[in-house]
Amino acid sequence: MSRLIPKWNLITETNPKSPISEGYRILRTNIEYSSIDQSQQIIMVTSSNPSEGKSTTCANMAVAFAQTNKRVLLIDADLRKPTQHHIFGKSNRFGLTSALFNQRELQEVIQHTNTDNLSLIPAGPTPPNPSELLSSKRMAALLDTTKGMYDMIIVDTPPILFVTDAQIVAAQSDGVVLVVDSGKVRKEVALKAKASLDHVKAKLLGVVLNNVNRKHADSYYYYYGEKNES
């Protein structure tokens, strides 16, 4: 069987000393200290619109946490347009949907990545009913089981303003990171995305700004200015 080649470089792996990689480490630290008294074990990542960089941000976040020797599981719950298997160069033949439909055991759909301490559950075959599947008791049981296996679970979801999938997962998460393309997304759209999270009482841990104009941004925002693909 031929080896799959990752579609995108993970900058936190390929260039860990770059300013952008440092930005992901700052994001990691901010998440770790966002709540001293409450565990932030399941973190969901979403955006308001497609192509804002959420999946690339999600993958680099997962690598950043794994680099601290935490056991990290990245779940691709964007069942409509999965991306993580491309980023990590893994097969999507079996994945989250396979486990939820009882077609495969959980351990069979967990794949090891080239990053130490980081495992991946790809989305798997696209189901006819993503929202119903993500809101099922099987999904809740899967998250509960993986909490006992990993220190950190990061979940990639669809854009929150397009389908209800992200709201469903947000309600099951300890916190949410919202990715915003500063060059494309208007303020009212970002606020609408936040309102959607508020509606399900999700805890917004922070916002990552992508594609900030580096000529006019300070160094902090520069860290989040990498051009991402999805």
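Predicted model: local features only at pLDDT ≥ 70, side-chain atom pairs only at ≥ 80, totals over all residues.
Residues are numbered from 1 along each chain as its sequence is written, and side-chain values use heavy atoms, with hydrogens and water left out.

The protein chain contains 11 helices and seven strands. These elements are DSSP runs, numbered from the N terminus: helices are H or I with at least four residues, and strands are E with at least two. The seven strands form an open sheet with mixed pairing, in the order β3-β4-β2-β5-β1-β6-β7. Its edge strands, β3 (111-112) and β7 (204-210), each pair on one side only. Two strands are said to pair if DSSP finds at least two bridges between them.

Four bridges join β1 to β5 (residues 152-156), and the two run parallel. With β6 (residues 175-181), β1 pairs in the parallel sense over five bridges, and there Ser47 stands opposite Val179.

In a regular strand the side chains alternate between the two faces of the sheet. On one side of β1 are Ile42, Met44 and Thr46, on the other Ile43, Val45 and Ser47, and all of these are buried. Here buried means under 20% relative accessible area, exposed means over 50%, and partly exposed lies in between, with a 1.4 Å probe and protein chains only. Over the protein chain, buried residues make up 55% of the 230 residues.

Helix α3 (residues 54-66) has 13 residues. Its expected span is 1.5 Å times one less than its number of residues, which gives 18 Å, and its end C-alpha atoms are 18 Å apart, in agreement. Because 13 of its 13 residues are buried, α3 is largely enclosed by the rest of the structure. The helix lies across β1, β2 (72-76), β4 (118-121), β5, β6 and β7, and runs at about 170° to β5. Such angles run from 0 to 180 degrees between N-to-C directions, and the axes are lines fitted to C-alpha atoms, for helices over the stretch in contact.

A contact means heavy atoms within 4.5 Å. Of the contacts in the protein chain with a separation of 6 or more, 79% are between residues 24 or more positions apart.
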